[in-house]
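Reader: I am new to this structure and would like a close look at a single part of it. Please set that part in its surroundings as well.

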Amino acid sequence: MAVSSPERVGARDAPSSSYRLEQPAPGAPGAGAEGLGGRRGYLLFAVLGASVLAVAIGALAVGRYMVPLGEVFRILVSRLVPLHRTWTVTDQDVVVLLRLPRALLTVVVGAGLALCGAVLQAVLRNPVADPQLLGVSYGASFGGALAILLGLSTVALMAGAFGFGLVVLVVVFVLGRSAGPAPTLTIVLSGVVTGAFFSALVSFTTYIANPETQLQSIVFWLLGSFATATYSADLVAGVPVALGAATVLALRWRLNVLSLGDEEARSLGVNPQATRWCLLVAVAVMASASVAVSGAIGWVGLVVPHLARPFSGSDHRRLLPAAALLGAAYLTVMDTLARTLLPTELPVGILTAVVGAPTFFVLLRRHHRRAVWVDV
Amino acid sequence: MFEVVGAGFYYRRGAWVFRDLSASVPDGKVLALLGPNGSGKSTLLRLIAGLVAPKEGEVRRSGPVGFVPQLQWSSLTYSAFQMVLMGRTRLLRAYESPGRADVFAAKAALERVGLFHLAERPYASLSGGERQLVLIARALAGENDILAFDEPVSALDLHNEKEILALVAELAREGRTVVLSAHRPEHALGFADQAVALFGNGEALVGECASLLTDDLLARLYRAHVRTFSFRENGTVHHAVVTW
Amino acid sequence: MTESLTRRQFLRAGGLGALAVAAGLQRSRAAPSAAGITVVDQRRVKIHLAHPARRVVTIPEPAASMLIAIAGSVAPLAGMNRVSEAAVDEGILGVMFPQAKRLPDDVAGADFAPDVESILNLHPDVVVQWADHGDAIITPLEEAGLNVVGLDYGTQADLEAWVNIFGTMLGVPGRSRQVNSTMAQVLAELRAEPKPASPPSVLYFFTTVESLVPAGRGTYNDFYIKLVGAKNAAEAITGDQGAVGPEQVLAWDPDIILIGNFDSGTPAKFASHPAFGALSAVKNRTVYKVPLGGYRWDPPSQESPLMWRWLFELVQPARSTGNLRAEVKSYYKFLYHYDVSEAQIDQILWMGLNSSATNYGRFKS
């Protein structure tokens, strides 16, 4: 039947009558609002959120110096409400001065790194993208190492880490843009090359550093550690990660569209270059902030999104928040292990690699059949 | 409606694929782009859709264009519904995620193409015809006045080919302007109103389908012997083009 | 007349003969081989020198100051490690031997990797290098035709071996024996002390600023902690490579904490760490900075007996008998032929940094 004026599909007013649309029954698939919601969605985020909280509070109790869980609660509550003191000064110092800033930092950095990984995997359409693989961590490490070598202040160190992280991302993007039949492969390759270059520069700084004063600090960068967590470090990491996360979460729908490819994205009304740049800058900010406070920690950005995907799906509206929460819990567990397993502190970067690599392998094999990630 | 005014394009300077091409397509009409492989059909389609800028001339449009690409793999496992929902992106601000109205529109679009029952299935697991319908639904969900199809049936069997073309015709009858690139002339004859014949060397001819697409022209276009057979069935004329 | 001449002649001949025999014996003791000196290093490699070493390049950090001490002067030292040079510039060794400050120090890079060309330019008789860091840092020197004396690090026996090796190399074995016997004497005295019924626990840190690296069991620090009758709080760790977290320090809660000279840490900086206010050692002000003399007193060196005495006074203050300052004076005279002033002793003992520490008043002049 011919209609003179063009139909508008589902505008913000009532649907036109020529669409013989029946509202689906409440229990039918697709019923209910999309996005974060849906019964399954709420359950997922409730579980993840509770896990983060449980792990963080556990991290306050567990360590080479054990504090009973009950006392941990009482100490925390006593910060707000005066309570009769049933714990020792050491207990309180350990919980409030040592572990609380550290747990906050692992939560922030874990969430940040996981978000970086998830975003990079979608933007570059590559399942093994990780800020480490893209060279950003190496660039940021070099920025920090250079600042140590030149004897500059902590502020300069952060700025150096930030700046060089961004530089690397720009280089990788420029190199990776050069056309060719497999653009994503080009980007990964240029990331590996640029990362290797900056990694060599870091090695050079270790070579010329004064072994008495500077070398140790520089080595810290290479292995990653939360040993120097303070409340100011929480702020220094927290603000950039919050800004980066806000940007990335705001763009998470566009990230879905971007992952279809540039031409399709453009045809759907998304400017792929602008969106990509926005996301990459946010990633660089978050990754560089993480390196600035805790050195280069790998295998979190790579593994956590894949761990989250079977539960949240590929839709980034759910995947990003899920990955962030899972990353926060994951890194907190890793760091707690790193400082508890042995009398000496293990650099947490070693632990995440030792755990992350086999985990990734298992994930790939198990989900290959379920086609969680179908490659072109 | 849309209007192509003096459009020209080249990949290498001096080697024009087409030049000084003009066509005017009113609402509810269908324009078919015909030509051999590599003649610039896809390019002209993208030009009309606004994905590519012409080297010369311009394209005027009455509204947004919904682009339906050729079937290809998607590397992430979105559901059919999620794919369709992406068509709503044009109407969202950069920082927005789809809301209830968008969800409703996407469902309506899926229903329109008859695939509502497959909404939660992963897109990559659907058959060729189903995937093409999902892409069409995506273009519909975006409330687009103009629809551009890139060889929508080249990868499909006869049944699906018939279904898709029938749907496209219906969408046009509902008032949308349609442009599609076709690899077989039958997709233009008896179906499209106007056609562009692209020879790939800069020459392009525009006209009403019936008058433009003679056997002689088709033979020159495809550089083969061509004979068109037509028959009437239930009041509709059907065409078959045979080459030898 | 003839008989008295014969007796005098006989006596003189006998005397001369005795002298001749004595001289012959001397010569044979000083020159065991036909020409030159044989030095056996800690790799059991024999190095033959035509004459006592006159130009020595040292790469291990403690070797430069030990060489100066054994030789009694800077003369045989041709070049030293950058780190040793830094210790010379900053410490009393540079005051006692100002010429040492001008010596070349570009002989090695990080990890003791030798800069063979710079070393060859110095035309050394001997290069002293670590033997327990792998062959890669020794082979290039030997292939360039240089004599390499390899040293192992860590134990009191190693320290005594170094003293002997250096003495032989420099042609002053008697001096070595003196140094070692003095050390052995102090060692015997301390070993003879009765061990306290409940030994206090001591925790030594190499570094405290960037990271907390304690000395575990098996280290030299562990050796002298136990020597003076204390326990090593870091017994659970082996060696000296691992950094611990502050909560591990809180779990150990040692009685005495020693801040080493391997970074710029001080007792005040340590105490200001947010969580350490609860530590017993901080509350009791038994956190001390280890002295820095001709070389750091932390690792094995020619001044180690002074370190043992110093630590003994702090660990068992009731039983201490000696006057550390007098011992430092006499030891420095013996080692360096130098009269160290009261102000210099204050500097060596870090009187400024340790002034408010418990029991440190006994070290005042």
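Author: Buried residues make up 46% of the 244 residues in chain B; a residue is buried if 20 or more other C-beta atoms, placed from the backbone, lie within 10 Å of its own, exposed if 12 or fewer, and partly exposed in between. This is a predicted model, in which local features need pLDDT of at least 70 and side-chain atom pairs count only at pLDDT 80 or more, while totals for chains, interfaces and linings use all residues. Residues are numbered from 1 along each chain as its sequence is written, and chains are lettered from A and ligands numbered from 1 in the order in which they are written.

The C-alpha trace of chain B spans about 55 × 45 × 30 Å along its principal axes. A compact globule of 244 residues would have a radius of gyration near 18 Å, and chain B agrees because it has 18 Å; the radius is taken over C-alpha atoms, and the globule rule is 2.2 Å times the number of residues to the power 0.38. Two residues are in contact if their C-beta atoms, placed from the backbone, lie within 7 Å. Among contacts in chain B between residues at least 6 apart in sequence, 67% join residues at least 24 apart.

Chain B has seven helices and eleven strands; helices (H or I, at least four residues) and strands (E, at least two) are DSSP runs, numbered from the N terminus. The part to look at is helix α5 of chain B, residues 158-173. This helix has 16 residues and reaches 22 Å from its first C-alpha to its last, close to the expected 22 Å at 1.5 Å a residue; the expected span is 1.5 Å times one less than the number of residues.

In α5(B), the buried residues are B:Ile164, B:Leu165, B:Val168, B:Leu171 and B:Ala172. Seen down the axis of α5(B), its buried residues fall within an arc of 120 degrees, so they line one face of the helix; the arc is that of the directions from the helix axis to the C-beta atoms. That buried set packs against four elements of chain B: β3 (30-34), α4 (128-141), β6 (146-150) and β7 (177-182). On the other side of α5(B), B:Leu158, B:His159, B:Lys162, B:Ala166 and B:Glu170 are exposed. After the helix comes B:Gly175, with a positive phi near 115 degrees.

Chain A, by contrast, has 14 helices and zero strands. Of its 376 residues, 52% count as buried.
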